[in-house]
Amino acid sequence: MPTLRSSSPSSASSPLHKGGGGGPRALSASSSSSGHLPYDDPDSDPTSEGDNDSLSADEGSDFEDSLRRSVKKRAAKRPLRITPVAKHPKKGSLTVRDQGQKKSEPLANDLFNAVKAAKCDMQSLVDDWLDSYKQDQDAGFLELINFFIRSCGCKGTVTSEMFKMSNSEVIRHLTEQFNEDSGDYPLTAPGPSWKKFQDSFCEFVRTLVYQCQYSFLYDGFLMDNLISLLTGLSDSQVRAFRHTSTLAAMKLMTSLVKVALQLSLHKDNNQRQYEAERSKGPGQRAPEHLESLLEKRRELQEHQEEIEGMMNALFRGVFVHRYRDVLPEIRAICIEEIGSWMLSYSTSFLTDSYLKYIGWTLHDKHREVRLKCLKALKGLYSNRDLVARLELFTSRFKERMVSMVMDREYDVAVEAVRLLIILLKNMEGVLTDSDCESVYPVVYASNRALASAAGEFLYWKLFYPECETRVVGGRERRRSPRSQRTFFHLLLSFFVESELHDHAAYLVDSLWDCAGSQLKDWESLTSLLLEKEQNLGDVQERTLIEILVSSVRQASEGHPPVGRVTGRKGLTPKERKIQADDKVKLTEHLIPLLPQLLAKFSADAEKVAPLLQLLNCFDLNIYCTGRLEKHLELFLQQLHEVVVKHAEPAVLEAGAHALYLLCNPEFTFFGRVDFARSQLVDLLTDRFQQELEELLQSSFLDEDEVYSLAATLKRLSAFYNAHDLSRWELYEPCYRLLQKAVDTGEVPRQVILPALTLVYFSILWTLTHISGSDDSQKEVLSLRGRMVAFSELCQSCLSDVDPEIQEQAFVLLSDLLLIFSPQMIVGGRDFLRPLVFFPEATLQSELASFLMDHVFVQPGELGSGNSLEDHSHIEQLHQRRRLLAGFCKLLLYGVLEMDAASDVFKHYNKFYTDYGDIIKETLTRARQIDRSHCSRILLLSLKQLYTELLQEQGPQGLNELPAFIEMRDLARRFALSFGPQQLQNRDLLVTLHKEGIEFSLSELPPAGSSGQPPNLAFLELLSEFSPRLFHQDKQLLLSYLEKYLQRASQAPGRPWGPVTTYRHSLSPQENAAQASPQGHSRSKRRRIEAPSRRNREDISPTQEESLQLSSSPPVPTLTSTAVKSRQLLGALEEMEEEGGSELDITQGQHLPGPQKSRNSGPQHFRTWHSPSAPHLGSRLTRLSLMEEEEEEELAIQDESGEEWQEADKQPSSHSSPGEHWLDLLDSTELSIEDF
């Protein structure tokens, strides 16, 4: 019988022979041969912490001693029932002739296609194969081998003649026949037919062991040779072989673990039966039974030793090397399976010698591997019987587990928090206060899953011990009011004392899933707030009100607070039913208590405003159905008092919105609410008229009178925003007030601001009343007159000395111009055409000047330092972004001339941090409107900046100034904004270059003068657009440049520097990576143009330099998974000395020191091979094509490198590499968003 051995230098020349099973020694040899590089495995992940410990011998293996004791060869323990060979070959087999003899060579395609289809019963499929194996052992095993080879995606097959070859030769032969055209193989191939292949493949391996566990598992042939094959393939340089064989080996190991567990249980049962039989008296004892039990024990012991030998061979031959593989999928498979071994067979595997692999891999740099580690540990720590055996591991790796709460991947951080929750429950005292304090801030995380997990941790740590619900008679007893009070007091203490956040709504949302029933105890919350003799301070009362409002909003709306991300799209029917029930409950409870709460806290604006927001969450129909109109009257009275008492915008806005919710004509109580609203507005209007007359008649007002008038105007403005107050005719008095402010300047600022808003709302409400009838034409003309007059007032306010008045006028004017733009007649509203308003040139100029003075200000002028200044800085930034967005909307909707966009675009690079997203969106929309006009605006922006600099500094040494360097960066960013569509942008870029050349040489020096044109340095800015040109266009532009230069007089032999730079950017060698006009796909161009790796030495230095990836991003110095690692260069030298299976250097693993520049770019993907294996090494250029992941990354980097290499070749030593590496503007256009 043939025996496949692992490929290794020690077994490369060993002939395959016919004979019995190799027994444990054969397994040991195969595993050790494949493990000739147990420590310096070239596939290993260099970031693993465990690399610092020797793993070559795996001293901790529980099966090593039994392996050494098993020195005899294995044979079948019981005679096998041999089925006679069929007269005709089995369906799906191929009959071939070899030296005059008939042999059946079954095809693996039938087995592979059946597993791939996943439609037949797996047990029947395995039984059919076992029948063929019984008929012909060699042919059956050959079919199984070819099934695994086919599952790897290899088109080659193992023939009966190859049985005479060594294992390494077989694998080398299969490697040569591997498909080179694609990097996909069954485990990674896309498409619906491959989605279930991995599950079917694993199920086949499991069923194979299950069906063989009482027969062929111990025949000394099947498992020995299968393990040897998988061990050899797992050490292959071909990723498909390594991935598929590792998955098969680990699933085979898992099935063997289950068999070993069953054997252990059978041995225990046998031991109990034997002891029971021996304990019987001499007369009752059955010697034959005792003898059969002893024989059964010996058989079970032998089987267990053989299973342990198989497991030890798989563990040492595959797992020890592949858990550090460079492919994260392989590492994840290993960690997932070892976790299942520890959980199912803890007696043998739950030891520190195996746990260390999970601990080391917690530092893995890939998300999936860290996730598998945490899930494996969760299963172990959840079993209270196993916790005691994890103490040493916990003490060693607890710090790492706690730190993973801040992992950069949210799902990993969530699993880390859940693991800590299990530790908190099952290992009391392990987590210190310091450990817990590192988890507490996560309850305010933006990701809801992470915040919810942290909230559960907080609940079990702080709240559950104090507020535990007792279980009586199998039923959960209702929590006592005292425990509920304790819960809210603890919640208050945590929120106030921790000082981690200012908004309790996020804390409520984090605790909602685990403590929702307690947070929905609105009776306890309101009783705490309404107690007369309560011991709550002002901050605690305010926080408790916010908790009440947040819990009510969460229960009624069912979505998290603003800014918290959740992956759910909607609620389930059950959740919607709970939400509706909760909304009814909270409404019925809070309607009677809301007037009392408002009465108690009416003097405090910070407490009243959130209480008024409670009405948003009510089911207002209950006022009618529940006959609660008296409580509505009380609420309206309290609302009237609050509005009259307060002038804060938050309180007034909440009050106006609450009244708006009640003023629904469909409600039966609408008449009462409308009457209350009229009373309130009448009061405010009368007060305003009296105070206004005093202001208009007197030349001086004291502070109290000014404050009273401003407060009245604020109240009216807030209500005018939500309610139609047109019948009170507030436009005329407010306009008179503003006109006096413009004419005399005697009106205080705090009065002008709300008056402007009142007039604005008056115009908008009047617009809503206009219909298409003939009677409304007078209203249209009247409204246009008011709108024009108000725009003139706002234009006058733009030049006011007070910045707040200027900003308010700009915002209102921007909105008004946008509303009355040509867009208002779209949709069949031609009757509004007389209202369309176009601003005059003077107004457009003033708007642009305001933008320059108030938005594009130097960052250094803003306050920075303590938290108050930082807060002010943020508020000012938000306001400036609002102003800029309003101006950009006017540009895009055609209200302003598009050429005015140059005033915005020229600040793109300088203010990229503050306004980059707004300007980029404006640039994108402008290009969609008119590509040609947009490109001219970009050129105009550069011309304006250049002219300004020229006027300030003069032409001498202009290109060495920092401001000119910033202009070059801006030009580079503009060039990148054109994207990779060269054909679409071809005419635009040529026109841009021509106009730029004309501008550069528009003012020539006098004849005979040695000076250069003042605008000549503009050619250096123009050179940033050259990489986007086609070769033919570059030639045309060179001739166009020469034609203009003929008019200028240059000193012979001393060409102007900017001209030389521009010529160089248009030279043919600058187009090394030019795309063809036909637009080949990236993969096709790589096959057409890329030089082979074997001919890499023939590339000239210039070409090699052009292949370097200039856009490679910098490697972060610290990440959440960073650990101490070995020097990669030393590892590479050891690989070259000893020979390795594969070396993959991914994008982020740059060589240290001076080696970095020489090994960047395409050389990252060079494969080192051992000189001792010439046949396999000569095929490495083929194998390199199978590393699809690295090839895709290289293609992406090459594409971005083509677009940036021109910029990097310019003599711009002032530009930092980070500016070329991280260009956030065109990450999507250049396909580099994964950097």
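T394 touches Y381, L423, M427 and V430, residues up to four places away in sequence being left out of the count; contact here means heavy atoms within 4.5 Å. The model is a predicted one, in which local features need pLDDT of at least 70 and side-chain atom pairs count only at pLDDT 80 or more, while totals for chains, interfaces and linings use all residues. Residues are numbered from 1 along each chain as its sequence is written, and side-chain values use heavy atoms, with hydrogens and water left out.

T394 belongs to helix α16, which spans residues 391–403. Helices (H or I, at least four residues) and strands (E, at least two) are DSSP runs numbered from the N terminus. With a relative accessible area of 2%, T394 is buried; the classes are buried (under 20% relative accessible area), exposed (over 50%) and partly exposed (in between), for a 1.4 Å probe and protein chains only.

Two glutamates were examined for backbone geometry. Most residues other than glycine have a negative phi. E499, however, has a positive phi, near 55°, and is found in the loop between α20 (481–498) and α21 (504–519). Its relative accessible area of 69% makes E499 exposed. For E729, phi is likewise positive, near 50°. This residue, E729, occupies the loop between α30 (703–722) and α31 (731–744) and counts as exposed at 61% relative accessibility.

Cysteines were also considered. C212 is buried, its relative accessible area being 0%, whereas C514 is partly exposed at 25%. Zero disulfides (pairs of cysteine sulfur atoms within 2.5 Å) are found in a search of the whole structure.
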